Amino acid sequence: MAPKKHVHPRLQWANSELGLSMESVEEIANGLVPCQILNKCCPKVVYMHRLKADARSESESISNYKVLQDALRYMKVAKIIDVPRLAQGRAGACIDLLTWLEKFCKDVAAGKTDGLVLDPRTTGRSTPRHWTPVSSRHPSPPPARMKTPRDEPKPRPSSAPPQAKSPPPAPPAYLAEFATKLTTRPPGSYTRTTAASVARQQAVAATAAHRASLEMSPPVGAHP
């Protein structure tokens, strides 16, 4: 009778959770088992349709672990997963991940969910944060367009004859009185008369008279 192969306690727990019969911890290296355990503990938080069930290469295993990391980010769980070592099938990394999953699932079952987001995802695809679903039966009305000066109606030219303009209003009485005083002032009353100005005017007049007399007198030596 062949001796019974020893199975790691963490792997025994994973077998009991999913009803499997794995014998080596390296069998979880493709990432399917961790995602199934987390989805059973917190239903509909893992996008199971994105998993590659027949993952055999390291790149396909990394793709499955990215789905697991996306679910942990959605739940706001600060857990760092050593994806390269897990995808390579390192036994130590696989045991560490199973140990953390066992503790996490037991805490969730005990109600220790402070700060976690356990609401199931209602859609199979991730949607942008700014996107808001709108009911097709009652769609929201389109935003109203702002009016511009071009939208305002232009006034039409009227066929009626132009009306005569009313005369401008009469100026106030004090302005009319001030204008009358300006027009009735004698000339020369706006400037200030000084002795120097009078002497200057007399000199100019004498010079003009002297020039006029020279022009009117005959030249010297001319016969009358």
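Predicted model: local features only at pLDDT ≥ 70, side-chain atom pairs only at ≥ 80, totals over all residues.
Hi everyone, let me start with a pair of helices: helix 1 and helix 2 cross with a left-handed sense. Their axes come within 10 Å, at a crossing angle of roughly 60°.

Just past the end of helix 1 you can find Gly 19, with a positive phi of about 70°.

Now a step back to the whole chain. It has 7 helices and 0 strands, so if you walk along from the N terminus you read α-α-α-α-α-α-α. The chain has 224 residues, and 22% of them count as buried. As for contacts between residues at least 6 apart in sequence, 58% join residues at least 24 apart.

Next, the core. The largest nonpolar core holds 36 residues, and Ile 37, Leu 38 and Phe 104 have the most contacts inside it. Two or more residues each come from helix 1 (9-18), helix 2 (32-41), helix 3 (58-74), helix 4 (83-87) and helix 5 (91-109). Which helix gives the most to this core? That is helix 5, with 8 residues.

If you have the structure open, have a look at Leu 38. Setting aside residues up to four places away in sequence, Leu 38 touches Val 45, Val 46, Leu 68, Ala 71, Leu 72, Met 75 and Phe 104. Two of the helix pairs I want to show you next include Leu 38 in their contacts.

One of these pairs is helix 2 with helix 5. Their axes are 10 Å apart and the packing angle is about 5°. With angles under 35 degrees counting as roughly parallel, that is the label for helix 2 and helix 5. On the helix 2 side, the residues are Pro 34, Ile 37, Leu 38 and Cys 41; on the helix 5 side, they are Leu 97, Leu 98, Leu 101, Phe 104, Cys 105 and Val 108. What does this contact consist of, by residue type? It has 10 nonpolar residues, no polar and no charged.

The other pair is helix 2 with helix 3. Here the axes come within 9 Å and cross at roughly 25°, which again means roughly parallel for helix 2 and helix 3. The crossing is left-handed. Helix 2 brings Leu 32, Pro 34, Cys 35 and Leu 38, and helix 3 brings Asn 64, Tyr 65, Leu 68, Ala 71 and Leu 72. This contact of helix 2 with helix 3 counts 8 nonpolar residues, 1 polar and no charged.

Asn 64 lies in helix 3. Is Asn 64 buried or exposed? With a relative accessible area of 0%, Asn 64 is buried. Leaving out neighbours within four places in sequence, Asn 64 contacts Asn 30, Gly 31, Leu 32, Cys 35, Arg 50, Leu 51, Lys 52 and Ala 55.

Let me finish with some backbone geometry. Most residues other than glycine have a negative phi. Lys 44, however, is not a glycine and has a positive phi of about 60°. You will find Lys 44 in the loop between helix 2 and helix 3. Its relative accessible area is 58%, so Lys 44 is exposed.

Lys 76 is another case: its phi is positive and near 60°, in a residue other than glycine. This lysine, Lys 76, sits in the loop between helix 3 and helix 4. Because its relative accessibility is 60%, Lys 76 counts as exposed.

How values were computed: Residues numbered from 1 in each chain as written. Heavy atoms only, no water. Core = buried A, V, L, I, M, F, W, Y, C linked by side-chain atoms within 4.5 Å. Buried < 20%, exposed > 50% of the residue type's maximum accessible area, 1.4 Å probe, protein only. Helix = DSSP H or I, 4+ residues; strand = E, 2+ residues; numbered from the N terminus. Contact = heavy atoms within 4.5 Å. Axes fitted to C-alpha atoms, helices over the stretch in contact; angles between N-to-C directions. Parallel < 35°, antiparallel > 145°, perpendicular 65-115°, else oblique. Left-handed = near helix turned anticlockwise from the far one by under 90°. Nonpolar A, V, L, I, M, F, W, Y, C, P; charged D, E, K, R; others polar.
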